[in-house]
Amino acid sequence: MTDILFQLLQVADGRRARLDEAPTALQWGRLFEQAKAQAIVGICADGIERLPEEQRPPRKLLLQWGFMTARIEQRNKYLNDWTVRIFRKLNEDGFDACLLKGQGVAAYYPNPLRRQSGDIDVWAMPKGMLTTGDMDFDICRKDIVKYAHRCSDDAEICLHNIVFPVIRDIPMELHFLPFYFNSYFATRRVKAYLRRHAGQQFSNVTSLGVPCPTDEFNMVFLLAHIFRHFLQEGIGLRQIMDYYYLTDKWVLDGKLDDGKAMNRLRKDLKSLGLHRFCGAVMWVLHQVFGLEHERMIVKPDKMLGELLLGKIISGGNFGHYMTDNPFACKPADGHVMRFYKRTMSGMQQFRHYPSECIWNLVRIVEMFFLLRFDRISNNTG
C-alpha cells in the first residue's frame with residue numbers, strides 16, 4: 001500500500017500521470033486510512049482528480065474523500081482569518097510576531113487550502129527587543145509565559161513554547177524559541193543563529209498578511225522541527241511534504257545554483273549539526289516524491305533515510321498511530337513510568353545521535369521541574 005500512496009503523491013505533484021495499476025476497492029479503502037493517518041487527505045485528493053477515470057476510487061469513497069477535503073479547505077480559510085486577528089491582538093498587546101509552519105508553509109503548496117492544518121505556531125518577542133538588538137531569550141520567555149497565563153487558565157508550558165487555546169477550537173503555541181536541541185551547547189548555537197536572522201523573519205510580511213519566515217530560514221527551521229519529532233514522539237508525511245515543497249521552491253527560485261545562498265545554508269546546517277540528518281530527509285524525498293539527485297541540497301544518506309522513512313510509515317502523523325512502540329506514554333502512566341518511557345524512547349537513536357540522546361535525560365528532568373515551578377508561580381495547581 002505504501003508504494004501506491006507514494007505514486008498518488010507523485011501524481012498530485014505532476015511527476016507522473018497515473019498509477020502503475022488501478023487499486024482495488026479494498027486497496028482504496030486502506031489508502032484512505034493511510035492518508036488520514038498521515039494527515040494528507042487533501043493532497044491525495046489533488047492526485048485523485050488528476051487520475052484517469054478508470055483508476056479513481058469507488059464513488060462512495062470518492063464522495064467521502066471529497067467531503068473530508070472540503071472540510072480541510074473550510075478549516076484553512078477559518079484559520080487564515082483567525083491568524084490575522086491573532087497577530088493584530090499580539091501587536092496591540094506589545095509583541096512582535098512571526099508565523100511558524102502551518103498556514104505560512106501552506107503557501108509552498110500548489111493548492112495551499114488542501115494542506116491539512118494543525119494549531120497556530122507563533123514566534124513572539126516583546127516589542128523593542130528586535131530594534132535594540134538586545135535579544136534576551138530568558139526575558140522573552142518570562143514575558144510570554146505571563147501573557148499566556150493572563151489570557152488562559154489552561155496554558156501549558158514546554159521547554160521552548162507555551163500552549164493555550166485562543167478560542168475553543170484553535171490551540172496556539174507561543175514560541176520564545178522556534179526550535180532547540182537537547183544539548184545545551186547546541187542550543188547555544190541555535191540562539192546565536194536566531195539572533196543573526198530574527199530581524200528578517202519578523203519583517204517578512206507575506207500574502208497571508210502576517211510575517212512568515214524566509215525560505216532560507218525555513219530550510220533550517222523546518223528541518224530542525226522534523227529532527228526534533230523524529231527523536232521524540234514521531235514524524236509524519238505531512239511534515240516531510242512541507243520540506244519537499246520548500247526544497248522544490250528553493251530549486252525553482254535558482255537558489256541551488258546560487259553559490260552564496262548554498263554556502264550559507266550548508267554552513268548553517270553543519271554548525272547546527274543538521275547536515276547529516278538533511279541527507280536522510282533528501283533520501284526520503286527521493287523515495288516518496290521522486291526528487292532527483294541533482295535537485296538535492298546535500299548528498300542523500302540511505303542508512304539514516306531508511307530509519308527515518310520506517311518511523312514515518314509506522315507512526316503516522318507525529319507518531320500518533322505507532323501501536324508497536326512499547327515506550328509510548330499513556331494517560332494512566334505515573335511520573336516514574338513516564339520518565340522511564342521517555343528515557344528509553346530517547347535512547348533508541350543513541351547509535352546515530354548520541355549527544356542528543358544523552359542530553360535528553362537532562363531535558364526530561366528539567367521539564368519535570370519546569371512544569372511544577374510554572375504551576376506554583378502562576379497559581380495553576
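**Exercise 1. Classify Lys101: is Lys101 buried or exposed?**

Solution. Lys101 is buried, because its relative accessibility is 14%. Buried means under 20% relative accessible area, exposed over 50%, partly exposed in between (1.4 Å probe, protein chains only). This is a predicted model: local features need pLDDT of at least 70, side-chain atom pairs count only at pLDDT 80 or more, and totals for chains, interfaces and linings use all residues. Residues are numbered from 1 along each chain as its sequence is written, and side-chain values use heavy atoms, leaving out hydrogens and water.

Next, locate Lys101. It sits in the loop between β1 (95-100) and α5 (102-105). Helices (H or I, at least four residues) and strands (E, at least two) are DSSP runs, numbered from the N terminus.

Then check the backbone. Lys101 has a positive phi, near 55°, and is not a glycine. Most residues other than glycine have a negative phi.

**Exercise 2. Find the loop that holds Ala39, and state its phi.**

Solution. Ala39 lies between α2 (25-37) and α3 (41-50). Its phi is positive, about 60°, although Ala39 is not a glycine. Ala39 counts as buried, because its relative accessibility is 5%.

**Exercise 3. Work out the strand order of the sheet.**

Solution. Start with the pairs. Two strands pair if DSSP finds at least two bridges between them.

- β1 and β2 run antiparallel, joined by six bridges; Ala97 stands opposite Ala124 in β2.
- β2 (residues 120-126) and β5 run parallel, with four bridges. Trp123 stands opposite His175 in β5.
- β4 (residues 161-167) and β5 run antiparallel, with six bridges. Pro165 has Pro171 in β5 as its bridge partner, and a hairpin through two residues joins β4 to β5.

Now assemble. The five strands form an open, mixed sheet in the order β1-β2-β5-β4-β3. β1 and β3 (156-157) are the edges: each has a single partner strand, so one side of each lacks a neighbour in the sheet.

**Exercise 4. How many residues of β5 are buried?**

Solution. Take β5 as residues 170-175. Five of its six residues are buried, and the strand is mostly covered.
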